[in-house]
Amino acid sequence: MNAESYERLLPEITPENRPFWDGLAENELRLQCCDACGEYRFPDSEVCPRCLSGSFSWRAVSGKGRLWSWIRMHQKYFDAFDEVRPYLVAYIKLDEGPAVISTLGETPDDLAIDLPVRAVFEPGFSERTVLKFTVERPEPVA
Amino acid sequence: MQHEPAEIAIVGVGQSDFRALYAPTDRPRDAYALAAGALREAIDDCGIDKDEIDGLLCSRVEYGRLATVLGLRNPRFVHDLEGSGRMSGVALQEAVALIANGAADVVACVYGNNGRSARMRYGGEGGGPTVAYDEMYGMTSPGAYVAMMYQRYRGMYGASEDALAPLAINNRRHAALNPAAVLQKEITREDYLESRFIAEPLRLLDYCLINDGAVAFIVTSMERARTLRKPPVRVAATAGMAHITNYYTAEDFFYSACQDVASRLYRQTGIAPEEVDCLQIYDNFTPTIVFTLEGFNHAPRGEGWSWVDEEKIRHDGPRPLNTAGGHTSESYMQGWAHHVESVRQLRGEAGARQVPGCRTVQYMCASPIVTSHILTNDEAVAR
Ligand SMILES: [Zn+2]
């Protein structure tokens with residue numbers, strides 16, 4: 001991938017979203033959690049979408065979720081992804097509630113909806129660690 | 001003057017020659033010139049005096065410039081709606097509300113789009129905070145968010161690989177009967193399966209056709225409509241409900257919002273879904289038709305993909321659907337041209353694609369703002 005054009009696709013780090021990016025750098029997925037009602041939200045926003053409280057804390061979450069759906073993008077929309085087409089994009093439902101767009105670190109052939117996934121943290125070629133997911137495989141029975 | 005909401009009609013319609021506008025051009029066309037042309041045609045269609053227009057609702061063009069171009073100096077109500085497809089249904093709803101409460105008597109709803117000649121891509125150009133975290137994964141474009149829904153739908157209900165083909169084929173067959181449609185060469189199931197993937201599982205032939213063009217319609221009271229040139233098309237009922245989340249992808253495929261809208265429409269009109277003569281369904285991408293058929297009780301939940309059948313949904317079949325060719329073949333006019341087609345079907349003006357004995361048409365749009373209307377002609381009332 002072209003590093004320069006990829007960098008341009010990364011969200012700007014702001015005072016509001018910095019805890020998210022700091023978390024990824026420490027291999028943790030952190031989300032805003034409402035102090036008043038416990039609702040998790042993503043992406044960052046000023047108030048709780050459930051109770052409108054403006055009071056929140058950034059909390060590490062399990063990183064577990066399920067593969068709600070996925071697509072393979074064939075069309076060229078971004079220079080950064082031109083050479084890796086078709087590439088997989090996943091819609092992940094986190095166990096804590098919010099949905100995130102992401103991708104799978106490695107892609108098994110037998111994808112299916114609702115496969116359990118967990119977060120993995122990939123240092124990209126930028127300074128940032130990027131959130132991806134991997135399909136959870138049941139532990140082999142000893 | 002105030003009016004009962006069910007005593008309001010669409011009286012005039014106008015639209016560009018979409019086929020002619022598909023021709024390449026060096027410079028972006030002027031969306032205002034296109035919009036003015038469509039409104040001129042709508043005015044001619046009903047024979048109303050331009051100066052009677054006292055409400056102006058715009059989408060993708062802005063009232064300041066448009067009213068200047070049109071010489072509409074003193075409308076009593078103006079409003080710019082955003083340039084998204086969900087707004088075509090909202091425009092009619094707002095016109096009905098304005099007339100019902102007496103804020104305006106004759107409302108022009110006008111849409112002008114130069115998306116093709118201005119090289120609009122509907123993807124890759126950013127989209128504000130809701131998608132800020134998506135682009136780093138290469139995720140962009142409304143079609144990709146719809147493809148996410150459809151992939152899941154397939155996983156839930158086992159839709160076959162060619163399940164959407166009848167919808168693409170049907171749109172194209174109707175377009176071949178519509179002189180203004182852009183793509184008129186009929187396609188087969190094989191053509192569908194050979195068309196390239198864009199956001200897999202969706203293919204090029206599932207996608208709307210970006211084009212230049214404009215659409216206008218004029219709305220007024222049934223009372224005033226009776227004095228005009230053409231038979232009035234009554235807005236028997238209209239309803240809407242948003243389904244707004246961070247993504248265009250709706251985790252229930254817009255089902256619950258569609259159900260809410262559907263129940264109000266069918267109750268208000270006393271018309272059951274199977275009694276609707278012609279379905280006009282917002283089809284930015286073909287899966288949206290499947291979600292809509294299920295959400296509005298035209299097909300059982302999970303079975304919309306097998307309910308669609310090429311013989312069933314053709315203009316002379318039992319459940320005519322998107323008789324002008326829809327967004328994939330006529331032109332992507334963001335739901336606006338579906339409104340024009342609804343009116344033409346109810347007036348018997350649809351030529352080779354006319355639905356025999358058409359008395360009721362339902363427009364439906366499953367999107368972050370779900371809207372639907374039931375439109376009727378005088379024969380429906382007399383029934
Ligand atoms: Zn809260």
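1. Two strands pair if DSSP finds at least two bridges between them, and strands (E, at least two residues) and helices (H or I, at least four) are DSSP runs, numbered from the N terminus. With that in hand, Ile8(B) has Ser221(B) as its bridge partner in β6(B). Strands β1 (residues 8-15) and β6 (residues 212-221) of chain B run antiparallel and are joined by seven bridges.

2. A caveat before going on: this is a predicted model, where local features need pLDDT of at least 70, side-chain atom pairs count only at pLDDT 80 or more, and totals for chains, interfaces and linings use all residues. Side-chain values use heavy atoms, with hydrogens and water left out, residues are numbered from 1 along each chain as its sequence is written, and chains are lettered from A and ligands numbered from 1 in the order in which they are written.

3. The sheet in chain B is open, with nine strands in mixed pairing and the order β3-β2-β4-β6-β1-β7-β10-β9-β8. β3 (77-81) and β8 (278-281) of chain B are the edge strands with a single partner each, so one side of each has no neighbour in the sheet.

4. Over in chain A, the zinc ion is coordinated by the SG atoms of Cys34(A), Cys37(A), Cys48(A) and Cys51(A), at 2.3 to 2.4 Å (donors are N, O and S atoms within 2.8 Å of the metal, or 3.2 Å for Na, K and Ca; water is not among the atoms, so sites may look incomplete). Along the chain, the donors follow the spacing C-x2-C-x10-C-x2-C.

5. Cys37(A) is partly exposed at 27% relative accessibility, and Cys51(A) is too, at 34% (buried is under 20% relative accessible area, exposed over 50%, partly exposed in between; 1.4 Å probe, protein chains only).
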